[in-house]
Amino acid sequence: MRNSTRSQVDPFIVMDVMEAARKAEEAGRHIIHMEVGQPGTGAPKQAMQALAGQLQQDALGYTVALGLPALRRRIAQLYGEWYNVDLNPERVIVTPGSSGAFLLSFTALFDSGDRVGIGAPGYPSYRQILKALGLTPVDIQTAPENRLQPVAADLVGQDLQGLMVASPANPTGTMLDHAAMRSLIDAARDVGASFISDEIYHGLEYEAKAVTALEITDDCYVINSFSKYFSMTGWRVGWMVVPEDHVRVVERIAQNMFICAPHASQVAALAAMECEEELQANLDVYKANRTLMIDGLKQAGFTNFAPPDGAFYVYADVSDLTDDSRAFAAEILEKAGVSVTPGLDFDPVRGGGTLRFSYARSTEDIQEGLARLTRFMADRGAAG
Ligand SMILES: Cc1ncc(COP(=O)(O)O)c(C=O)c1O
């Protein structure tokens, strides 16, 4: 039996790295995980309590496709609390993670062959999901002077039907400020491209508050998730905000593709939104880790990176050390016992010379990881 050509997507290299780390652990080694893109913490305690209570009295069957009305209302309220944006809850659609929202948004907005701009480096699955849907991902090679975010000039002559941005971004952690976001929204509108903003790392920001595209325009799709700030990766629940006249279009696709996001996860997500204290405590850990990373990586000899504004990653240019980030990551795992992600996942062109370090785990792990990286680099320097 043949496979479709559009099914020929690339593997997520970080998964291969995780597997190599797992094998090393199985063989009895102690590995520090700086490759992971998820919190080490679980869902907030009250979220689990709320679900435990609900399990006693509810069969937790399908919800309506757009999500539990109370959750949609509570998400709309968050936009008032976080950004002072007055959002109609009818525009909020609960999805199976932001990954589910990508499928829904790309299907709702684009026709086969349409060209969608994505920043490189960027989250790898944008490219692969677009390909699998028969769409054409267009890599925008971002510049270090723009902190590896796309700018309006990058859209010229690209014949784009869509533009996808992420702020804070994975793998860089850099953000678009209000002016930069507005400039991209205007540029996308001028070339007739639909604007999608991936805001999954909102809430995890260190210097300034992240800007939502909804502060600037209603004519966009905004995608978010309970995976990162709310620390609920495995629960597979996220959301998207769409223009009013797109709700019914997305609803029909969601009914057919997913029926609904997991009911139990929606119950837990609603309660998680009241767990500010616990979530802020998680954020305090990332803050401490970020400071350690910025200093520690430089001391170790990884000096070329922009300090992250948000998320929990540092994306370092290591092109002075290697042009094969995959082999270099394997060497670091082997010799230092630290698992890191090669940049090739995020940027097929320049990623051979970059690494992503995650600081989503405990502060003790970060300290130990940095000590190991420092020893590794010193030994490498002495050997070479
Ligand atoms: C930028 C970005 N968007 C989306 C996702 C997918 O998240 P979810 O768990 O909501 O599907 C990730 C996961 O790491 C990510 O980094």
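This is a predicted model: local features need pLDDT of at least 70, side-chain atom pairs count only at pLDDT 80 or more; totals for chains, interfaces and linings use all residues.
Good morning. I begin with Leu60, which is found in the loop between helix H2, residues 45-57, and helix H3, residues 69-83. Although Leu60 is not a glycine, it has a positive phi of about 50 degrees. For context, most residues other than glycine have a negative phi, and most peptide bonds are trans.

Between Ala120 and Pro121 the peptide bond is cis, and its omega is near 5 degrees. Pro121 belongs to the loop that runs between strand E3, residues 115-120, and helix H5, residues 124-132. The second case is the bond joining Ser167 and Pro168, which is also a cis peptide bond. Here omega is about -10 degrees. Pro168 is placed in the loop between E5 and helix H6, the latter covering residues 178-190.

I turn now to the empty space inside the protein. Rolling a probe the size of a water molecule over the atoms shows where empty space is left. How many cavities of 30 Å³ or more are there? The count comes to one. The volume of the largest cavity is about 100 Å³. It is lined by 15 residues, and those closest to its centre are Gly119, Pro121, Gln149, Ala166 and Ala169. By class, the lining of the largest cavity holds ten nonpolar residues, five polar ones and no charged ones.

Next, the largest pocket. Its volume is about 560 Å³, and 31 residues line it. Nearest its centre lie Phe12, Met15, Gly37, Tyr123 and Lys228. Helix H1, residues 13-26, together with H4 and H5, make up the elements that give two or more residues to this lining. The lining of the largest pocket divides into 16 nonpolar, ten polar and five charged residues.

What takes up the space of the largest pocket? The ligand does. Around the ligand there are 14 residues, and Ser99, Asp198, Ser225, Ser227 and Lys228 come nearest.

In Ser225, a side-chain N or O atom is 2.7 Å from an oxygen atom of the ligand. For Ser227, the corresponding distance from a side-chain N or O atom to a ligand oxygen is 2.6 Å. In Lys228, a polar side-chain atom lies 2.7 Å from an oxygen atom of the ligand. As for cover, the ligand on its own has 400 Å² of accessible area, and the protein covers 92% of it.

Helix H4, residues 97-109, supplies its largest share, namely four residues. By class, this shell contains five nonpolar, six polar and three charged residues. Thank you for your attention.

Methods
Residues are numbered from 1 along each chain as its sequence is written. Side-chain values use heavy atoms; hydrogens and water are left out. A residue is near a molecule or strand if one of its heavy atoms lies within 4 Å of it. A polar contact is a pair of N or O atoms within 3.5 Å; within protein, one must be able to donate a hydrogen and the other to accept it, and residues adjacent in sequence count only if both atoms are side-chain atoms. Accessible areas come from the Shrake-Rupley method with a 1.4 Å probe; for residues, only the protein chains shown count as cover. On a 1 Å grid over the protein atoms alone, a cavity is a set of points where a 1.4 Å probe fits but cannot get out, and a pocket is an open set with protein on both sides within 12 Å along at least five of seven lines; lining residues have an atom within 4 Å of a point. A molecule sits in a cavity or pocket if more than half of its atoms lie within 2 Å of its grid points. Ala, Val, Leu, Ile, Met, Phe, Trp, Tyr, Cys and Pro count as nonpolar, Asp, Glu, Lys and Arg as charged, and the others, Gly among them, as polar. Grid points are joined across faces, edges and corners, and a volume is the space filled by probe spheres set on the points.
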